[in-house]
Amino acid sequence: MNVNELIDKFVEKEKNITASKKLNDRILNQLERKPVHSIKLWQSLAVAASISIVIFSGIKLGGLYSHSHDLTSVNINDSEIENLNFYNSTSYE
Amino acid sequence: MTEVELVENIKKGDKDVFAIVVEKYSDRVFRTSIGFVHIKEDAEDLTQEVFVRIFRSIHNFKGDSELSTWIYKITVNTCINYVNTKNRFSLIDFAGNLFHTAHENYASADKNPEEKYTESERENAIRRAIDNLPEKQRIAFVLSKYDEMPQKEIALIMQTSVGAVEQHIQRAKVTLQKKLQHLVGK
């Protein structure tokens with residue numbers, strides 16, 4: 001069998017595949033359904049613009065916050081805490 | 001009912017008249033789709049998509065060509081778009097083909113496993129070779145082989161000359177010969 005015959009055999013086999021008997025009904029039923037509207041360019045742009053505005057506003061609002069400069073410091077240096085043993089000492093009495 | 005009357009009624013939204021068109025052309029559209037996708041379920045989906053497109057864009061049909069030519073143009077465009085989109089997801093496609101082949105092998109129970117395997121490999125090679133043809137060669141090949149369409153009609157669908165169609169078909173045959181030469185004697 002040569003290549004052309006192999007191809008013809010393959011094509012004939014595929015040509016024998018038949019569609020489902022319900023295909024025509026399926027097609028006509030599909031026409032009853034509302035077409036799905038494709039997303040238009042302006043809609044995509046509107047969504048992209050909204051996201052950009054939200055991000056920009058977030059950054060701007062975040063930038064507005066500035067903490068106070070008059071910081072009150074708390075001394076947490078242990079070495080400056082008075083030694084309590086001094087008061088417990090008997091010799092102190 | 002003449003073709004002009006048929007089209008006019010469809011333009012008015014008459015679905016009963018459109019059913020006549022579906023009845024008349026669905027088998028041919030399905031056959032063309034099979035030539036491009038090779039899988040029954042995919043070809044059915046494509047056939048459905050083609051007729052939905054035809055119904056929704058019938059207002060664009062000016063009657064410059066025959067209705068059948070216009071239907072075939074839509075069929076070819078739909079199939080090519082589908083194939084190009086599918087190629088982008090070739091991994092899914094590969095898995096689908098694998099399942100399809102395995103299912104077919106299981107279904108043909110009258111052959112022994114070795115015969116089934118050899119035939120399946122051969123068919124896959126032919127399918128791949130057809131699918132890898134350049135677009136114009138592939139369109140011309142499918143329309144001439146699967147639909148047994150005369151070159152004149154193919155030329156109208158492809159909007160080219162009869163000579164160019166002949167050349168596409170000839171080149172397709174040569175390409176397939178080269179790619180499938182290894183199968184002879186298997």
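Let me begin with one pair: Glu44(B) and Arg26(A) form a salt bridge, their closest N and O atoms lying 3.7 Å apart. A salt bridge here is a side-chain nitrogen of Lys or Arg within 4 Å of a carboxyl oxygen of Asp or Glu.

The model is predicted: local features need pLDDT of at least 70, side-chain atom pairs count only at pLDDT 80 or more, and totals for chains, interfaces and linings use all residues. Residues are numbered from 1 along each chain as its sequence is written, chains are lettered from A in the order in which they are written, and side-chain values use heavy atoms, with hydrogens and water left out.

Arg26(A) also forms a salt bridge with Asp45(B), at 2.7 Å between the closest N and O atoms. That pair runs from helix α2 (residues 23–32) of chain A to helix α3 of chain B, helices being DSSP runs of H or I with at least four residues.

Another is Glu123(B) with Lys13(A), whose closest N and O atoms are 2.7 Å apart. Glu123(B) lies in helix α6 of chain B and Lys13(A) in helix α1 of chain A, so the pair joins two chains. Glu123(B) is buried, at 10% relative accessible area, and Lys13(A) is partly exposed, at 38%; buried means under 20%, exposed over 50%, partly exposed in between, with a 1.4 Å probe and protein chains only.

Finally, the contact (heavy atoms within 4.5 Å) takes 35 residues from chain B and 28 residues from chain A.
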